[in-house]
Amino acid sequence: GGDEYGHQLDEFKHFLQDNVPNLDPPTTYQLILHHGRMDLMLYYAELNGDHDRVVTHHVQRRQWDKALECLAKAADASLFYKHSPTLMQHAPVGTVNTWIEATRGIHSLLDPRKLMPALIRYDPATNPTGHTTNQAVRFLSHCSRNLRTDDPVLLNYLATLYCKQEDDEAILAFLSEQGGADGRVDLQLAMRVCKEANKPQPC
């Protein structure tokens, strides 16, 4: 019955664990999936360090939190760049939390510039109920304040987002910090965006 099956399952997991280096991954995956055992497939993929397969599995099933958990655990920048555009569209708050964690400390795992495709795809309307903060602004202001980024692409995009927000003080404070003759923010661009958004123009 169930007990016996559970015992066999444990034995098979131990077998996988003990033999990871000796098993041929394509054959092993095929064998496991032939028996329809998705849980074992994920277990073997993790043992094998095949984090991309695990993240992709969760993304395809819209299990955003599990995908983010696996990304954080894998600590592989290329996986962040690959999956972040989709995750940012569906789980923006969790995605930005994970990015901020991955860019803390001296050795930042991520290059924020490479997250631009995900930031551009983000729509604040996809925020979960109760979260009003623009998550792209949240991450980019983390880059500006905490990471001290001087990347004009990031800073100009942040200025553009600030210009579109209700809060005029935020853009004025940001531009007084980052604008000016030797500033990295394109004031002409900021003024144009403010004009389009019917904002008082920074000068």
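I begin with a definition: a residue is called buried under 20% relative accessible area, exposed over 50%, and partly exposed in between, using a 1.4 Å probe and protein chains only. This is a predicted model, in which local features need pLDDT of at least 70 and side-chain atom pairs count only at pLDDT 80 or more, while totals for chains, interfaces and linings use all residues. Residues are numbered from 1 along each chain as its sequence is written, and side-chain values use heavy atoms, with hydrogens and water left out.

A disulfide is a covalent bond between the sulfur atoms of two cysteines. Here the rule is a pair of cysteine sulfur atoms within 2.5 Å, and by this rule the count is 0. For Cys-143, the nearest cysteine sulfur belongs to Cys-163 and is 18 Å away.

Next, helix H7. Helices (H or I, at least four residues) and strands (E, at least two) are DSSP runs, numbered from the N terminus.

How are two packed helices described? They are described by the angle between their axes and the distance between the axes. Axes are lines fitted to C-alpha atoms, for helices over the stretch in contact, with angles from 0 to 180 degrees between N-to-C directions. The axes of H6 and H7 come within 7 Å and cross at roughly 145°. Contact means heavy atoms within 4.5 Å; among the residues making this one are Phe-80 and Leu-87 of H6, and Val-96 and Trp-99 of H7.

Helix H9 contains Gln-135. Gln-135 is buried, with a relative accessible area of 2%. Leaving aside residues up to four places away in sequence, Gln-135 touches Met-88, Pro-92, Val-93, Val-96, Tyr-122 and Asn-127.

Finally, the nonpolar core, a set of buried Ala, Val, Leu, Ile, Met, Phe, Trp, Tyr and Cys residues joined through side-chain atoms within 4.5 Å. The largest one has 56 residues, and Trp-99, Leu-119, Phe-139 and Phe-174 have the most contacts inside it. Helix H10, residues 152–164, gives the most to this core, with 8 residues.
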